[in-house]
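Open your viewer and get ready to click along. We will go from stop to stop, selecting a few residues each time.

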Amino acid sequence: MDQLSGVSVSSAWLWLDSRGLIVFTLVFLVTAEYLRNRRPSNFPPGPTAFPLVGNMFSLDFNNAYRELTKLTETYGNVYSLKMGRSWTVVLNGLNALQEGLLTKGDILADRPIFPIHVDVLPELGIIFTNGHMWKQQRRFALFTLKYFGVGKKSLEFSILDEFIYLSKEIANHKGKPFNPHFIINKAVSNIICSLIFGHRYEYSDEKFLKMMNLIDRGTQIEGSIWSQLYNAFPVLMRRLPGPHHTLQKTYGEIIELMKTEVDQHKEDWDPSEPRDYIDCYLSEIQRKDDEVDAGFHEDNLVMCSFDLFGAGTETTSTTLRWAFLYMAKYTEIQEKVQAEIDRVIGQSRQPSMEDRANLPYTVAVIHEIQRMGNIVPLSLPHIVSRDVQLGGYTIPKGVIIIPNLTSVLFEKDQWETPYSFNPGHFLNEEGKFVKRAAFIPFSAGKRICLGEKLARMELFLFFTSLMQRFTFSMPPGVEPQLEPRISVILSPREYEICVQVL
């Protein structure tokens, strides 16, 4: 009997000890999570972060760029959020972005390493690499693109030649409604394809169409909450089904298409007569065979080609699709553009970059399309390489920085009518074009878009040529829809348009 009583007492104590251990563990975890959620000393303010998920589920990712801009009303131009377990600081307004990207740009020059990129793409290329490799790859890309005509007359001719193909494709619709999405994508993409691959594609080419669709699908998934969840909880998300797994397949297919182009180049490559970026890169691999940290090898060639192709296709073509909508909505502005082009260029020749100085209104309209289109609203993220002061706050090493371009492109102190389409933002009283410091659609600093010069040339020549040749309008009874489709970039929702030959 005493023996049984002893067993009961021991079991009771064991149960009490187990319960105490569970309670202690729970208290410890809650306390640890609370401490993790506390902002460091002199850290930017921000909304309360929930345990584990932080602010992830308190943001609407379909309107993230608007919500992040609205938070400035409560927390100021430099504030913080917690995405999962990682702190993020959002920079808003021209002054904050200039301080972060220009004045202290060296400290913010790196990109964060996200699990969704590490798992889907190798740590190669230009866009998401850092340090010596990034500097070498960016410098080589800029030099090579310039060698093959970026900013020069030779590429101008290529763009105008491509416009001939584009105009025939548009004219074939004979004024009937059509979706311009992939027609414009193909025209713009052929310019970067000629620079990377040394050739253009026919618009009906199946491989070309596949690349267009894959890029569109990939950017859509990467801009969704699935991507954010993957980066915040990679161990869990690797095991859960969802669109994030489709991204791996999508980008994998694009990489294989890039490898095909590289393999074809190797078959007839002549180092003495480079035809394009791939040829030059193959020569650089030979020349820098002993510089391993520079990253010149075939796998990186494939990834750099991927980066250039994707960036060189989506951004400019998206801006032109916004242009169609704005011209169809604001017909009086379209008429003024066409009148200026008729007066300066006429109908007997194609536009040239030399005409730019004599077309101030047209150039102002292009800039206003870029401002209102706001296609890369949050730019690409940066990461702090060492402790830094921003906006009077201390930002520790390793914190992710989001430059909110939307907050600058629509900043009330910088634009007279920030939410209205107004080409006058870029014109002085004499009607001459004026630059604006707050016009930063390509971001700023050391990570400014390396394709900026190419994009500016393409936008001017394609837009001016289109306005010279065509008039754009919506189908009868249809109003232009300016609410964007959300992905990595802000693009128009799918629409049809009518185009009449002048």
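A charge sits over a ring if NZ of Lys or CZ of Arg is within 6 Å of the ring centre and within 35 degrees of the ring normal. Before using that, note that this is a predicted model, in which local features need pLDDT of at least 70 and side-chain atom pairs count only at pLDDT 80 or more, while totals for chains, interfaces and linings use all residues. Residues are numbered from 1 along each chain as its sequence is written, and side-chain values use heavy atoms, with hydrogens and water left out.

**Stop 1: charges over rings**

Select Arg-200 and Tyr-165: the charged end of Arg-200 sits over the ring of Tyr-165, 3.6 Å from its centre. Next, show Arg-371, which lies over the face of Phe-410 at 5.3 Å from the ring centre.

**Stop 2: a pocket**

A pocket here is an open set of points on a 1 Å grid over the protein atoms alone, where a 1.4 Å probe fits, with protein on both sides within 12 Å along at least five of seven lines; lining residues have an atom within 4 Å of a point. Of the 25 lining residues, select the closest to the centre: Arg-66, Thr-69, Thr-406, Phe-410 and Tyr-419.

Which helix gives the most to the lining of this second largest pocket? Colour H2, which supplies four residues. Helices (H or I, at least four residues) and strands (E, at least two) are DSSP runs, numbered from the N terminus.

**Stop 3: a hairpin**

Move to strand S1 (residues 78-83). Six of its six residues are buried, so S1 is largely enclosed by the rest of the structure. Buried means under 20% relative accessible area, exposed over 50%, and partly exposed in between (1.4 Å probe, protein chains only). Val-78, Ser-80 and Lys-82 point one way from S1, and Tyr-79, Leu-81 and Met-83 the other way.

Look across from Ser-80 and you will find Val-89 in S2. The two strands form a hairpin with two residues between them, and Gly-84 in the turn has a positive phi of about 70°.

**Stop 4: aromatic pairs**

Rings of Phe, Tyr and Trp (its six-membered ring) pair if their centres lie within 6.5 Å; planes under 30 degrees apart count as stacked, over 60 as edge-to-face and the rest as tilted. By this rule the count comes to 20 aromatic pairs. Select Phe-140 and Tyr-277, a tilted pair at 5.8 Å centre to centre with 55° between the planes. Phe-140 is in helix H6 (residues 131-147) and Tyr-277 in helix H13 (residues 277-287), 137 residues apart. For a stacked pair, select Tyr-330 and Phe-421, at 5.3 Å centre to centre and 10° between the planes.

**Stop 5: two loop residues**

Finish with Asn-42, in the loop between helix H1 (2-37) and H2, where phi is near 55°. Asn-42 is partly exposed, with a relative accessible area of 38%. Ser-443 has a phi near 70°, and this serine is buried at 7%.

Methods: Pairing = 2+ DSSP bridges.
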